[in-house]
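Trainee: Please take one part of this predicted model and go through it closely. I would like to follow how charged side chains pair in it.

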Amino acid sequence: VVATSSEPNETIGKLIDFAKDHRVGVRIAPNNFERPLEVFEVNYVGIVPLLTYKKGDLHPSEFFLKRIFDVILSSLGIIILSPFLLLVSIIIKLIFPHVSIFYKQKRVGLKGKVFTLYKFRSMIEGADGLKEELIDKNEITDGIIFKIKKDPRITRIGSFLRKYSVDELPQIFNVLKGDMSLV
């Protein structure tokens, strides 16, 4: 369901309640925009969405300083975390000796550059292929996100890694390579 924000708040509220009751997604199109939407981003203050006008791209000197900052902090992070990263790698390899320690996925970065994202493996091998079998259990109805509360593809060690965001730590190597940036 798509609605415009020119509708009265009461009408939008009723529409959202109806959609929630019937497990239907709702998108609300803001009205009266004279600027292209790509210059806006959506941020939240609590649960209130705000459209924020984005400032322009970084000046080359700002980009250079940001890159230096990323290299220094990611290098320090790797040095400090290396014993922990090694321990997690060993544990994953002991539990799953025939599977890669890392999950690799293609992502799109700055200016459309495709890169390989690294994460510690938290799901069984071939989990992406099982998604179709589990689609009817998806708790998110808008079709963009796939989420199951007790996802059977997540391993026991994987649930621990995800709970404490340890599975995300290998992305520090993506930052060092320049694929991602610290925020």
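**Salt bridges around a hairpin**

Mentor: The side chains of K113 and D179 form a salt bridge, with 3.4 Å from N to O. This pair links distant parts of the chain: K113 sits in the loop between β5 and β6, while D179 belongs to the segment after α4 (171-177), 66 residues apart. K113 is partly exposed, at 46% relative accessible area, whereas D179 counts as buried with 13%. K113 and D179 also belong to a network of salt bridges that includes K177.

Now the hairpin itself. Strand β5 (residues 102-108) and β6 run antiparallel and are joined by 7 bridges. V108 stands opposite V114 in β6. The hairpin has 5 residues between its strands, and K111 takes a positive phi near 55° there. Strand β6 (residues 114-120) is mostly covered, as 5 of its 7 residues are buried.

For the general idea, side chains of opposite charge can pair when their charged atoms come close. In the whole structure, a search finds 6 salt bridges.

Definitions and conventions: Residues numbered from 1 in each chain as written. Predicted model: local features only at pLDDT ≥ 70, side-chain atom pairs only at ≥ 80, totals over all residues. Heavy atoms only, no water. Buried < 20%, exposed > 50% of the residue type's maximum accessible area, 1.4 Å probe, protein only. Helix = DSSP H or I, 4+ residues; strand = E, 2+ residues; numbered from the N terminus. Pairing = 2+ DSSP bridges. Salt bridge = Lys/Arg side-chain N within 4 Å of Asp/Glu carboxyl O.
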